Amino acid sequence: MQKEMAEFIRERIKIEEEYAKNLSKLSMFPMAAQEEGTLGEAWAQLKKSLADEAEVHLKFSSKLQSEVEKPLLTFRGDNFKKDMKKYDHHIADLRKQLVSRYAAVEKARKALADRQKDLEVKTQQLEIKLSNKSEEDIKKARRKSTQAGDDLMRCVDLYNQAQSKWFEEMVTTSMELEKLEVERIEMIQQHLRQYTTLRHETDMFNQSTLEPVDQLLQSVDPAKDRELWVKEHKTGDRRPVDMDI
């Protein structure tokens, strides 16, 4: 998510840089450069304001790069990814062990059931004398049944140990991951707030580039401009009237 956000900000930076470049280029166009007087001054200031605004947007793009994009890209680098993989692998290994121990319990449970059934059958056969099984065979079957019971108890104990370890590690790891996620969200929130702060500053600076233009536009005086034009383009000092002798 951070990488995609940083890529989004990078695109925003490109737009700002291109916009600034076009504004600066437009401010140098010699359009209506012959305009004179108070209106000419206001027009020249308006063109200059484009260059000033271009500078504002360049500074905005530069600050976006250093104060928003870069922190998003550098927060928790490659080492963090390695640590996250360790968490993942550790929990996965514990889970595999738990599954393996559970399978061992089920296998031991089945083995015990088989041994008990075998002992029961041999005992019944001996009692009704349907078999030549000796007491030694019964003892042997009883030992195997007891051993199977011991194996089951050992497997259950190992499973319980694995389950307890897995649960403990899951709780600890989940709490740590929750803490890391809170830190990540707060970091992104902080830098997105910085984006909005820079954006508001850009609007304020852009507004300031128009203030000189507004002042000169308010000072535009058609009468003064006509008088200036007449002084610069007059045909002479004599009035065009009939001459008396």
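Before you click anything, here is how the parts get their names: helices (H or I, at least four residues) and strands (E, at least two) are DSSP runs, numbered from the N terminus. You are looking at a predicted model, where local features need pLDDT of at least 70 and side-chain atom pairs count only at pLDDT 80 or more, while totals for chains, interfaces and linings use all residues. Residues are numbered from 1 along each chain as its sequence is written, and side-chain values use heavy atoms, leaving out hydrogens and water.

**Stop 1: a loop**

Select Ala32, which sits in the loop between helix 1 and helix 2. Its phi is near 55 degrees, a positive value in a residue other than glycine. That is worth a second look because most residues other than glycine have a negative phi.

Now pick Glu36, in the loop between helix 1 and helix 2. Glu36 is partly exposed, with a relative accessible area of 34%. Which residues does Glu36 touch, not counting those up to four places away in sequence? Show Asp225, Trp229, Glu232 and His233; a contact here means heavy atoms within 4.5 Å.

**Stop 2: the nonpolar core**

Next, select Ala6, Ile9, Ile13, Phe60, Leu64, Val68, Leu72, Met187, Ile188 and Leu198, the 10 residues of the largest nonpolar core. Such a core is a set of buried Ala, Val, Leu, Ile, Met, Phe, Trp, Tyr and Cys residues joined through side-chain atoms within 4.5 Å. Helix 2 gives the most, with 4 residues. Apart from this core lies another, of 6 residues, including Val105, Ala108, Leu152 and Cys155.

**Stop 3**

Zoom in on Phe60, which counts as buried at 3% relative accessibility. Setting aside neighbours within four places in sequence, you can show its contacts: Arg12, Glu16, Tyr195, Leu198, Arg199 and Thr202.

How many aromatic pairs does the structure hold? There are 2. Rings of Phe, Tyr and Trp (its six-membered ring) pair if their centres lie within 6.5 Å; planes under 30 degrees apart count as stacked, over 60 as edge-to-face and the rest as tilted. Phe60 and Tyr195 have ring centres 6.4 Å apart and planes at 45 degrees, so this pair is tilted. Phe60 belongs to helix 2 and Tyr195 to helix 4, so the pair ties together parts that are 135 residues apart in sequence. Tyr195 itself is partly exposed, with a relative accessible area of 22%.

Staying in helix 4, click Thr202. Thr202 is buried, at 4% relative accessible area, and it touches Val56, His57 and Phe60, not counting residues up to four places away in sequence.

Then try Gln194, also found in helix 4. Gln194 is partly exposed, at 25%, and it touches Glu67 and Val68, again leaving out residues up to four places away in sequence. Draw a distance from Gln194 to His233: they are 39 residues apart along the chain, with 56 Å between their C-alpha atoms.

**Stop 4: two more residues**

Select Ser174, in helix 4. Ser174 is partly exposed, with a relative accessible area of 36%. Its C-alpha is 9.8 Å from that of Tyr87, although Ser174 and Tyr87 are 87 residues apart in sequence.

Definitions and conventions: Buried means under 20% relative accessible area, exposed over 50%, partly exposed in between (1.4 Å probe, protein chains only).
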